[in-house]
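This briefing is meant to be read beside the sequence and the coordinates. The notes after the display begin with one local feature and then widen to the fold as a whole.

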Amino acid sequence: MNMPTDQAALDALIRQRLDEILPQKLEELKAAKTPSMTIIATKGTLDWAYPPFILASTAAALGWNVSIFFTFYGLNLLKKDISDLKVSPLGNPGMPMKMPFGPGWFKGINWNIPNLIQAGIPGFESMATMLMKQTIKNNGVADIPELRSLSIEAGVNMIGCQMTVDLFGFTRDDFIPEVKEYCGAATFLPMAQQADVSLYM
Amino acid sequence: MNFDKELDAKGLNCPLPILRAKKALAEMTSGQVLRIMATDPGSVKDFAAFAKQTGNELLSTAEKGKEYEFFIKRK
């Protein structure tokens with residue numbers, strides 16, 4: 001009865017071969033796989049429109065499969081006209097308030113305007129938005145409509161949250177026709193599960 | 001260095017130089033060389049990473065004052 005010994009020897013041999021072959025095989029499988037990314041975009045302001053569109057368009061340029069799930073205020077980014085997105089420094093201590101024109105010393109000043117004054121001046125938000133748009137232009141940063149069309153052109157899947165469409169009283173006609181589908185959490189999660197990178201913004 | 005197409009990405013900031021380069025490469029044929037001029041300091045690392053990920057070969061990177069010059073060979 002030398003059967004158990006044979007079995008043990010065989011197991012040891014298989015284990016040894018697996019250790020040798022498996023790492024290379026896994027590398028090959030990894031290299032052959034197209035990377036993928038899913039993003040949840042939840043904000044609808046000019047500043048927060050940048051992260052999803054920058055990362056999505058860049059990932060697509062790298063050859064990745066990309067989907068963005070737009071939910072809550074993020075749904076604003078799928079509207080037909082997004083040239084009127086706004087940014088507010090009110091209650092946002094992280095946002096520098098600098099002037100995009102004038103001599104260097106003037107541009108360097110950080111205008112620390114108290115919230116109470118910001119809230120009290122009519123049109124303050126529009127002014128801040130105008131200043132930020134000028135800063136974006138001065139720095140050769142793309143505007144949001146351009147980044148969105150570049151993303152679409154590069155094949156990024158735009159997905160709308162159906163629940164938010166209903167909740168905020170939108171109709172599908174409010175959004176660009178390039179929106180691939182409208183769905184819910186149960187559709188998005190399996191996509192995120194398969195993705196190599198999944199980000200919430 | 002000889003090249004088949006040129007892309008002026010001067011004054012453009014992240015991620016536009018990469019996106020424009022991707023577009024330009026897509027219109028070229030395998031083996032052709034694209035010359036890119038940029039001013040974004042971040043583009044040095046970005047083009048290296050772009051080449052590595054996409055398999056297009058980054059033939060050279062050069063800094064000329066405040067400008068950067070890249071040569072990329074299409075896969």
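This is a predicted model: local features need pLDDT of at least 70, side-chain atom pairs count only at pLDDT 80 or more; totals for chains, interfaces and linings use all residues.

**A hairpin and its chain**

In chain B, strand 3 and strand 4 form a hairpin that leaves two residues between them, and in its turn Gly65(B) has a positive phi of about 65°.

**The hairpin strands**

- Strand 3 of chain B, which covers residues 57-64, pairs with strand 4, residues 67-73, in the antiparallel sense, and the pairing extends over seven bridges.
- Within this pairing, Ala62(B) has Glu69(B) of strand 4 of chain B as its bridge partner.
- Strand 3 of chain B is hardly covered, since the count of buried residues among its eight residues is zero.

**The order of elements**

- Chain B contains two helices and four strands, and when these are followed from the N terminus they run in the order β-α-β-α-β-β.
- The radius of gyration of chain B is 11 Å, close to the 11 Å that the globule rule gives for 75 residues, so chain B is as compact as a globular protein of that length.

**Dimensions, burial and contacts**

- Taken along the principal axes, the box that the C-alpha atoms of chain B fill is roughly 30 × 25 × 20 Å.
- Across chain B as a whole, 31% of the 75 residues count as buried, whereas for strand 3 of chain B that count is zero.
- When contacts in chain B between residues at least 6 apart in sequence are considered, 59% of them join residues that are at least 24 apart.

Technical notes. Residues are numbered from 1 along each chain as its sequence is written. Chains are lettered from A and ligands numbered from 1 in the order in which they are written. The radius of gyration is taken over C-alpha atoms; the globule rule is 2.2 Å times the number of residues to the power 0.38. A residue is buried if 20 or more other C-beta atoms lie within 10 Å of its own, exposed if 12 or fewer, and partly exposed in between; C-beta atoms are placed from the backbone. Two residues are in contact if their C-beta atoms, placed from the backbone, lie within 7 Å. Two strands pair if DSSP finds at least two bridges between them.
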